[in-house]
Structures are given as structure tokens and as C-alpha cells.
Amino acid sequence: MSKAYELDGTIKEVMETKTFPSGFCKREFVVTEDDDRYPQDIKLAMVKNNCGLLDTVKPGDRVRVTFSLRGNLYQGRYYTDLQAFKLERLEPDGSTAEPLPEAADDFAVDEISDADMPF
């Protein structure tokens, strides 16, 4: 399995789920990381069954996102994606609040093939 990274921040935007003819689905969202002098808006994505995890959050919620880096070569261009697979709501002090639903057990980050990618 790929190395996991964590990001704490505030949900800025949650986009609609995109479903492709192959059945693959992807839902993107933006988290503002404001621990730095210059806040950064980071776009991440949930894929397949994990898209529903984003139904539990709204803009303004503080969260901790666990994600992996994914890379792909498509038609001579390289693409990088931050694929989230775990989402936790945070209290204002940074401690974990109520647990959100767990990611789907039938999905592992390494199960995605290049053929599943929508680009």
C-alpha cells in the first residue's frame, strides 16, 4: 500500500460526484490548510465507494484528511492526484470529534488501475 499522509484544515468546497461510463466515480473537495502564514487551498478527491464520506461534511467544518499520492501518465502527460480515503471531523482545539463513517472495506487505494482513470 502507498504511504499515507495527513492534512488538517477547513472544508472550503465539496463538488458533485462525477460518474464515468466505465462506472468509475470521483468526488473532489477543497481543504484550506491555514497553519502557515499563507493559507493553502488543497484539492483532494475521494473515489468509488468513498465518495459518500463527503456527504457528512460541509464548508467550514474542521477536518483531518488521510490521503495518498497517486500519479499517472496519460497521452504523454503526467498527472498527480491526492486521493483521500479517511476523513475525521476536528474540534476547534484540533482534537478528533465524533468519528465519521469508515471508508468502504471493499476499496483499497492500490485497487485503482490506469484504465479506471478518467483522464
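Does Asp81 count as buried or exposed, and what is its relative accessibility? In this predicted model, Asp81 has a relative accessibility of 12% and therefore counts as buried, since buried means under 20% relative accessible area. The place of Asp81 is in strand S6, which covers residues 77–89, and its side chain makes a polar contact of 3.4 Å with the side chain of Lys26. When neighbours within four places in sequence are left aside, the residues in contact with Asp81 are Lys26, Ala45, Ser68, Leu69 and Arg70.

The setting for this residue is a protein with six strands and zero helices, and of its 119 residues 39% count as buried. Among contacts between residues at least 6 apart in sequence, 55% join residues at least 24 apart.

Glu28 counts as buried at 13% relative accessibility, whereas Lys43 is partly exposed at 46%.

A further salt bridge joins Asp41 and Lys12 at 2.7 Å, N to O; Asp41 lies in strand S4 and Lys12 in strand S1, so the pair ties together parts that are 29 residues apart in sequence. Asp41 is partly exposed, with a relative accessible area of 43%, and Lys12 counts as partly exposed at 46%.

Notes
Residues numbered from 1 in each chain as written. Predicted model: local features only at pLDDT ≥ 70, side-chain atom pairs only at ≥ 80, totals over all residues. Heavy atoms only, no water. Helix = DSSP H or I, 4+ residues; strand = E, 2+ residues; numbered from the N terminus. Buried < 20%, exposed > 50% of the residue type's maximum accessible area, 1.4 Å probe, protein only. Contact = heavy atoms within 4.5 Å. Polar contact = N/O pair within 3.5 Å; in protein donor to acceptor, adjacent residues only side chain to side chain. Salt bridge = Lys/Arg side-chain N within 4 Å of Asp/Glu carboxyl O.
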